[in-house]
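Dear colleague,

I am handing over the structure below, and after it you will find my notes on what was found. Please read them with the structure open beside you.

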Amino acid sequence: MFEHFTIVDAEDRELITDIQKFAVNDGPGFRTNVFLKGCPMKCLWSHNPETIAPYPEIYWKNRMCHQCGACLDVCPRDAINPPISPEESQSETVSYHKIILDRCDRCMKCVDACRFDALTVVGKLMSVEQIIDEVEKDRPFYDNSGGGMTLSGGEPTAHGDFSLNLLKEARKRSLHTCLDTNGFCNWEVLEKLIPYVDVVLYDVKHLDPEIHKKATGVTNEIILVNLELLAKTGKETWIRIPVIPGINDGMDFHEKASRYIAGLAGNIARVDLIPFHNYCRDKYNWLGLDWPLKDEEAIEPSFLEIPADLYREKGLLTTVGGSGFETS
Ligand code: SF4
Ligand code: SF4
């Protein structure tokens with residue numbers, strides 16, 4: 001039922017898409033976000049599509065491509081589309097991607113051949129030590145703001161062993177830790193991580209299993225059961241609700257969700273409503289993926305103050321946007 005992306009090489013390294021510094025929306029204070037690559041859910045709106053597949057991918061940045069053809073010459077699988085004019089390939093209206101994905105075996109020969117950095121690998125193998133050493137570099141900022149490391153993805157529970165080792169090492173070095181999870185995992189996996197986490201950031205996307213399945217690829221029963229079990233542990237938990245047009249932007253959903261969350265036992269410290277945005281459109285294009293929500297307008301954050309009041313009325317500290325410095 002659950003996909004587990006085990007440590008991928010003999011040196012106990014895992015694929016990381018990014019280590020993002022000075023993040024302020026993913027836990028208290030200044031955070032360093034570590035993004036693992038690989039997630040068992042396929043959310044239609046994913047703002048980080050490069051973190052879904054559990055293997056290295058290639059970005060083709062059309063605006064940097066000179067259509068020189070060097071990649072075509074080295075590809076052993078006939079997986080590169082023939083050059084078109086640079087003007088044409090840089091046009092937003094032309095549907096053209098350099099790589100024919102279903103023929104590509106990700107040998108990365110084309111990336112090495114590209115002199116213009118139009119092709120880049122997404123996903124870098126890193127060990128626990130390498131990641132924590134990188135996180136440590138910003139310790140003074142954590143000390144001054146109450147920040148630390150946020151383990152995100154992708155989905156950290158799908159990389160259970162690696163996530164556990166990383167969180168244990170962070171704890172050993174007295175770093176504050178947040179775990180950003182969609183909760184779609186065996187409870188035993190989450191249970192093992194919790195002792196090494198200061199705050200759990202837990203996604204709630206919908207309460208209706210069928211709508212949840214249409215929007216994410218999986219039903220939500222196990223996610224809600226895990227949330228209820230998590231609440232019973234008393235661990236500080238921030239619920240995060242990505243608000244998506246046509247999926248969960250109605251007041252009826254927020255009325256039900258606010259009642260459900262307010263009824264949870266435990267330490268639900270706050271609820272963050274995260275407005276849908278479309279800044280990630282380029283990433284879908286670079287990966288050669290057709291994004292079903294590409295024409296959706298971003299939600300204006302102030303529009304979410306009205307549903308946010310439904311949560312506040314029930315005694316839940318609620319933000320729009322999730323800034324780690326906001327408390328209203
Ligand atoms: S080698 Fe790079 S610049 Fe040349 S066609 Fe391929 S992607 Fe474009
Ligand atoms: S990664 Fe290898 S197989 Fe895929 S397009 Fe590039 S050269 Fe061809």
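Glu297 sits in the loop that runs between helix H11 (281-287) and helix H12 (305-313), where helices (H or I, at least four residues) and strands (E, at least two) are DSSP runs numbered from the N terminus. With a relative accessible area of 62%, Glu297 is exposed; here buried means under 20% relative accessible area, exposed over 50%, and partly exposed in between (1.4 Å probe, protein chains only). Together with Asp249, Asp295 and Glu296, Glu297 forms a negative surface patch. Patches are made of residues with over 30% relative accessible area and no salt bridge, like charges being joined within 9 Å and nonpolar side chains (Val, Leu, Ile, Met, Phe, Trp, Tyr) within 5 Å.

Please keep in mind that this is a predicted model, in which local features need pLDDT of at least 70 and side-chain atom pairs count only at pLDDT 80 or more, while totals for chains, interfaces and linings use all residues. Residues are numbered from 1 along each chain as its sequence is written, chains are lettered from A and ligands numbered from 1 in the order in which they are written, and side-chain values use heavy atoms, with hydrogens and water left out.

As for the whole chain, its secondary structure comes to twelve helices and eleven strands. Its radius of gyration, taken over C-alpha atoms, is 21 Å, close to the 20 Å that the globule rule (2.2 Å times the number of residues to the power 0.38) gives for 328 residues, so the chain is as compact as a globular protein of that length. Of these 328 residues, 52% count as buried.

The chain holds 24 salt bridges, each being a side-chain nitrogen of Lys or Arg within 4 Å of a carboxyl oxygen of Asp or Glu. One of them joins Lys21 and Asp138, whose closest N and O atoms are 3.2 Å apart. Because Lys21 lies in strand S1 (residues 14-23) and Asp138 in the loop between helix H4 (128-136) and helix H5 (139-145), this pair ties together parts that are 117 residues apart in sequence. Lys21 is partly exposed at 28% relative accessibility, whereas Asp138, at 9%, is buried.

Glu50 and Lys283 also meet in a salt bridge, at 3.0 Å from N to O. Glu50 belongs to the loop between strand S2 (31-36) and strand S3 (57-60) and Lys283 to helix H11, so the pair ties together parts that are 233 residues apart in sequence.

Technical notes: Accessible areas come from the Shrake-Rupley method with a 1.4 Å probe; for residues, only the protein chains shown count as cover. Lys and Arg count as positive and Asp and Glu as negative; His and the chain ends are not counted. The place of a charge is taken as NZ of Lys, CZ of Arg, CG of Asp or CD of Glu.
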